[in-house]
Amino acid sequence: MKTLIHPTAVINPKAQLHPTVKVGAYATIEGDVKVGPETIIGSHAVLEGPLEIGARNQIFAGAVIGSEPQDLKFAGELSTVKIGDDNSIREYVTINRATGAGEETRIGNGNLLMAYVHIGHNCVLEDSVVIANSVALAGHVYIESRARLSGVLGVHQFVHIGARAMVGGMARIDRDVPPYMLVEGNPARIRTLNLIGLKRAGFSSEELQILKKAFRILYRSDITFKEAIEKLEFLGDTEHLKHLRRFLLLSQMPGRRGLIPGRE
């Protein structure tokens with residue numbers, strides 16, 4: 001029977017690999033690493049435990065996952081990276097484990113991380129997020145499902161990026177990006193709704209009209225943030241509108257970065 005592990009791969013005896021896992025030439029798997037079925041680990045990839053990887057992931061050549069965080073506060077405490085199913089992690093992606101005992105850096109399901117993406121310590125990516133080439137996420141960044149980040153941009157620590165938001169390339173994201181919005185420029189500004197993305201996602205005409213009204217209240221009317229939030233309550237009771245309003249309110253809480261502004 002043909003082996004699925006290349007003879008030049010170096011695998012620690014503590015590692016637990018499902019029998020269907022494929023490991024390429026010169027890959028290194030160190031420490032307490034668990035890898036689920038049908039995952040493919042490319043040549044020269046480095047996996048360092050504690051690390052859990054689910055099923056049907058494809059990890060391309062040179063990726064480094066589970067290494068210590070680039071954080072001066074890190075003191076060798078036990079932390080981890082947890083990765084779900086069906087992710088594509090392209091060449092030379094780096095994913096650091098968390099700072100803080102028992103903490104984790106978490107990647108959900110169905111995400112695409114293109115070449116040279118960096119995921120810093122304690123980051124969370126939900127599901128079906130697409131991050132283009134050479135994007136760097138600082139520590140504690142949270143990205144909700146189906147957000148899209150274009151290439152060659154940086155995201156400040158503790159920033160949250162909302163569901164189905166679109167961020168244009170070469171931007172500097174230093175504050176929260178609300179769900180469903182399109183952000184671009186340097187300094188970054190909220191330009192409009194991510195209409196193309198929302199239409200592709202199957203949002204109904206009624207849902208789009210409600211979000212368009214919400215956008216105009218938030219970014220095209222001369223009222224305070226508090227007044228805008230109150231007005232959103234009268235637009236309807238859809239899940240998308242409730243999620244937008246909840247995100248906006250949470251962005252003002254202590255410890256959060258606040259919101260990316262609209263155009264000036």
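P187 sits in the loop between β26 and β27 (189–193), where strands, like helices, are DSSP runs numbered from the N terminus (E, at least two residues, for strands; H or I, at least four, for helices). The peptide bond joining N186 to P187 is cis, and its omega is about 10 degrees. The model is a predicted one, in which local features need pLDDT of at least 70 and side-chain atom pairs count only at pLDDT 80 or more, while totals for chains, interfaces and linings use all residues. Residues are numbered from 1 along each chain as its sequence is written, and side-chain values use heavy atoms, with hydrogens and water left out.

A cis bond also links G49 to P50, with omega near 0 degrees. P50 belongs to the loop between β7 (46–48) and β8 (51–53).

R56 is not a glycine, yet its phi is positive, at about 60 degrees. This residue is placed in the loop between β8 and β9 (58–59). With a relative accessible area of 41%, R56 is partly exposed; buried means under 20%, exposed over 50%, and partly exposed in between (1.4 Å probe, protein chains only). D86 likewise has a positive phi of about 60 degrees although it is not a glycine. The loop between β11 (80–83) and β12 (88–89) holds D86, which is partly exposed, with a relative accessible area of 38%.

Another aspartate, D174, is found in the loop between β25 (172–173) and β26 (181–184). D174 is buried, its relative accessible area being 15%. Its side chain is joined to that of R172 by a polar contact of 3.0 Å; such a contact is a pair of N or O atoms within 3.5 Å, where within protein one must be able to donate a hydrogen and the other to accept it, and residues adjacent in sequence count only if both atoms are side-chain atoms. Leaving aside residues up to four places away in sequence, D174 touches H156, V159, R257 and I260, contact being defined as heavy atoms within 4.5 Å.

The helices complete the picture. Helix α2 (residues 205–219) packs against α3 at an angle of about 165 degrees, and their axes are 9 Å apart. The axes are lines fitted to C-alpha atoms, for helices over the stretch in contact, with angles from 0 to 180 degrees between N-to-C directions. This makes α2 roughly antiparallel to α3, given that angles over 145 degrees count as roughly antiparallel, under 35 as roughly parallel, 65 to 115 as roughly perpendicular and the rest as oblique. From α2, A214, I217 and L218 meet A228, K231 and L232 of α3. By class, this contact has five nonpolar residues, no polar and one charged; Ala, Val, Leu, Ile, Met, Phe, Trp, Tyr, Cys and Pro count as nonpolar, Asp, Glu, Lys and Arg as charged, and the others, Gly among them, as polar.

Helix α3 (residues 225–232) also meets helix α4 (residues 239–250): their axes come within 10 Å and cross at roughly 160 degrees. These two helices are therefore roughly antiparallel to each other. On the α3 side, F225, I229 and L232 are in contact with L241, R245, L248 and L249 of α4. The residues of this contact divide into six nonpolar, no polar and one charged.
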